[in-house]
Amino acid sequence: MKGIYQNIITSISNSEKLLAVLIDPDKMKPKVVSSFISKVNQSLATHIFVGGSEVEEGFTDALVTEIKKHTGLPIILFPGDVTQITDKADAILFLSLISGRNPDYLIGKHVEAVSKLSKMNLEVLPTGYLLIENGKQTSVERVSKTKPIKRNQIQSIINTAKAGELLGMKLIYLEAGSGAKDSIDSHTISMVKQELNVPLIVGGGIRSKVELELAFKAGADLVVIGTAFEEDESFFNEIKK
Ligand code: 1GP
């Protein structure tokens, strides 16, 4: 599958909103993939993201292979580490954690990833990744050893996102963190969106159709939801096609 970024741009220019279901290879057993993906296929989801903060080596490759058997949706890696890179997926969010100041997550892991990526046919999507404070510590904060930007420092969030775009990043991702207590608020989404020319991804702590629609209305082009589906698959009923 090619042209994933171009398809995102086309969807946005057609005023379509995008939804990614995030699957953590550490939490999903291969035997439940088929039934889970059939629910994804019947939902409004347009993309599948695969990744987690801490995943055992080999799990991502096996999981993506299994998911591919059951769906035609694009599968995008959302890796917590270099070990999660597999050419079974269609694309990879090449994430630089620009809210933090840990060189490993700004450039170090990326350098490590090159020898793998250069042998693969994955579409690489350079993404400025911003962790925003959400009321509790998240795995991204713990694993990356970086501090999130405070929720009320809106100008700092905007400037960081814009700096990512000016550095050439093709996507900006506002992350409250998996299972966040408070998702990114609408005001922040809309303020950041007004300054950006590249697509805006928003994720972390979104648990209802109302919150999903609020994020879209505020300006999110693509929303990522993981925990709400992990905790209760009946959420798929609310977002049927
Ligand atoms: C996490 O943004 C994603 O990295 C999704 O968050 O699991 O809280 O939906 P949730």
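Guide: Welcome! One convention first: Ala, Val, Leu, Ile, Met, Phe, Trp, Tyr, Cys and Pro are taken as nonpolar, Asp, Glu, Lys and Arg as charged, and the others, Gly among them, as polar. This is a predicted model, where local features need pLDDT of at least 70 and side-chain atom pairs pLDDT 80 or more, while totals for chains, interfaces and linings use all residues. Residues are numbered from 1 along each chain as its sequence is written, and side-chain values use heavy atoms, with hydrogens and water left out.

Visitor: How should I read a pocket, and what volume does the largest pocket have?

Guide: Rolling a probe the size of a water molecule over the atoms shows where empty space is left. Here a pocket is an open set of points on a 1 Å grid over the protein atoms alone, where a 1.4 Å probe fits, with protein on both sides within 12 Å along at least five of seven lines; lining residues have an atom within 4 Å of a point. Points are joined across faces, edges and corners, and the volume is the space filled by probe spheres set on them. The largest pocket comes to about 730 Å³. Of its 46 lining residues, Gly52, Ser53, Phe78, Gly80 and Tyr129 are the closest to the centre.

Visitor: Which classes of residue form the lining of the largest pocket?

Guide: The lining has 20 nonpolar, 16 polar and 10 charged residues. Elements that each supply at least two of its residues include helix 4 (103-117), helix 5 (139-144), strand 6 (171-175) and strand 8 (222-225). Helices (H or I, at least four residues) and strands (E, at least two) are DSSP runs, numbered from the N terminus.

Visitor: Which strand gives the most to the lining of the largest pocket?

Guide: That is strand 4, with six residues; the strand spans 91-97.

Visitor: Which strands pair with strand 4?

Guide: Two strands pair if DSSP finds at least two bridges between them. Strand 3 (residues 75-77) and strand 4 pair in the parallel sense over two bridges, with Ile76 opposite Ala91. Strand 4 also pairs in the parallel sense with strand 5 (residues 123-131), over seven bridges; there Phe94 has Pro126 as its bridge partner.

Visitor: Where does Asp90 lie?

Guide: Asp90 sits in the loop between strand 3 and strand 4 and counts as buried at 4% relative accessibility. Its side chain makes a polar contact (N or O atoms within 3.5 Å, one able to donate a hydrogen and the other to accept it; residues adjacent in sequence count only if both atoms are side-chain atoms).

Visitor: Is Thr160 buried or exposed?

Guide: Thr160 is buried, with a relative accessible area of 11%, and belongs to helix 6 (residues 154-166). Its side chain reaches the backbone oxygen of Ser156 at 2.6 Å. Beyond neighbours within four places in sequence, Thr160 is in contact (heavy atoms within 4.5 Å) with Ile98, Ser99, Leu130 and Ile149.

Visitor: What volume does the second largest pocket have?

Guide: About 170 Å³. Its lining has six nonpolar, one polar and five charged residues, among them Leu22, Lys27, Phe36 and Glu233. Strand 1 (18-23) and helix 9 each supply at least two of the lining residues.

Terms used:
Buried < 20%, exposed > 50% of the residue type's maximum accessible area, 1.4 Å probe, protein only.
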